[in-house]
Amino acid sequence: MSETRILRRSLQKRRTGETDWNRLERTTDEDIERQVAADPDAAPILGDDWFKDAELVPPNKQMISIRVDKDVLEFFKGTGKSYQTRMNSVLRAYMEAVKRKAG
């Protein structure tokens, strides 16, 4: 293997990033909520009530192929049989919440 592809750094010549860690550590939950509320592209912050609205819907389903994060899939599979139905219910509850907000 070629030595030219290896990038070596020492602690003395360590790169520093541009992140202001002190400012981030001072940021409160209220600051974050305010920033999210002011961001038009931010997804809505959902509470426990949102998840209670998820309900099972009679099958009128279309088969698709979807890629989800491994930990998300493992979580739903860990909830037992019919995990795909529960995933669909969560997606439906989100869709209905967004529709209610828009309408």
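Is phenylalanine 75 buried or exposed? Phenylalanine 75 counts as exposed, at 53% relative accessibility. The cut-offs: buried is under 20% relative accessible area, exposed is over 50%, and partly exposed lies in between, with a 1.4 Å probe and protein chains only.

Some ground rules. This is a predicted model, where local features need pLDDT of at least 70, side-chain atom pairs count only at pLDDT 80 or more, and totals for chains, interfaces and linings use all residues. Residues are numbered from 1 along each chain as its sequence is written, and side-chain values use heavy atoms, with hydrogens and water left out.

Now the overall picture. The protein chain has 5 helices and 0 strands. In sequence order, the pattern is α-α-α-α-α. Helices (H or I, at least four residues) and strands (E, at least two) are DSSP runs, numbered from the N terminus.

Next, dimensions. The radius of gyration is 22 Å, while a compact globule of 103 residues would be near 13 Å. That radius is taken over C-alpha atoms, and the globule rule is 2.2 Å times the number of residues to the power 0.38. Along the principal axes, the C-alpha atoms fill a box of roughly 65 × 45 × 25 Å. Of the 103 residues, 6% are buried.

Contacts next. Take pairs at least 6 apart in sequence: 56% of those contacts join residues at least 24 apart. Contact means heavy atoms within 4.5 Å.

The accessible surface of the chain is about 10200 Å², and 51% of it belongs to carbon and sulfur atoms. Areas come from the Shrake-Rupley method with a 1.4 Å probe; for residues, only the protein chains shown count as cover.

There is a nonpolar patch too. Leu46, Phe51, Tyr94 and Val98 make a surface patch of about 330 Å². Patch residues have over 30% relative accessible area and no salt bridge; like charges are joined within 9 Å, nonpolar side chains (Val, Leu, Ile, Met, Phe, Trp, Tyr) within 5 Å. Tyrosine 94 sits in helix H5, residues 83-102. Tyrosine 94 is partly exposed, at 35%.

Back to the aromatics. How many aromatic pairs are there? The count is 1. Phenylalanine 75 and phenylalanine 76 have ring centres 5.3 Å apart and planes at 85 degrees, so the pair is edge-to-face. Rings of Phe, Tyr and Trp (its six-membered ring) pair if their centres lie within 6.5 Å; planes under 30 degrees apart are stacked, over 60 edge-to-face, the rest tilted. Phenylalanine 76 is buried, at 14%.

Last topic: salt bridges. The count is 3. The rule asks for a side-chain nitrogen of Lys or Arg within 4 Å of a carboxyl oxygen of Asp or Glu.

Start in helix H2, residues 29-38. Arginine 34 meets aspartate 31 at 2.4 Å, N to O. The two are 3 residues apart, about one helical turn. Arginine 34 is exposed at 53%, and aspartate 31 is partly exposed at 22%.

Then helix H4, residues 70-78. Glutamate 74 bridges to lysine 70, with the closest N and O atoms 4.0 Å apart. The spacing is 4 residues, about one helical turn. Glutamate 74 is partly exposed at 47%; lysine 70 is exposed at 63%.

Finally, helix H5 again. Glutamate 96 and arginine 92 meet at 3.7 Å, N to O. They are 4 residues apart in helix H5, about one helical turn. Glutamate 96 is partly exposed at 26%, and arginine 92 is partly exposed at 27%.
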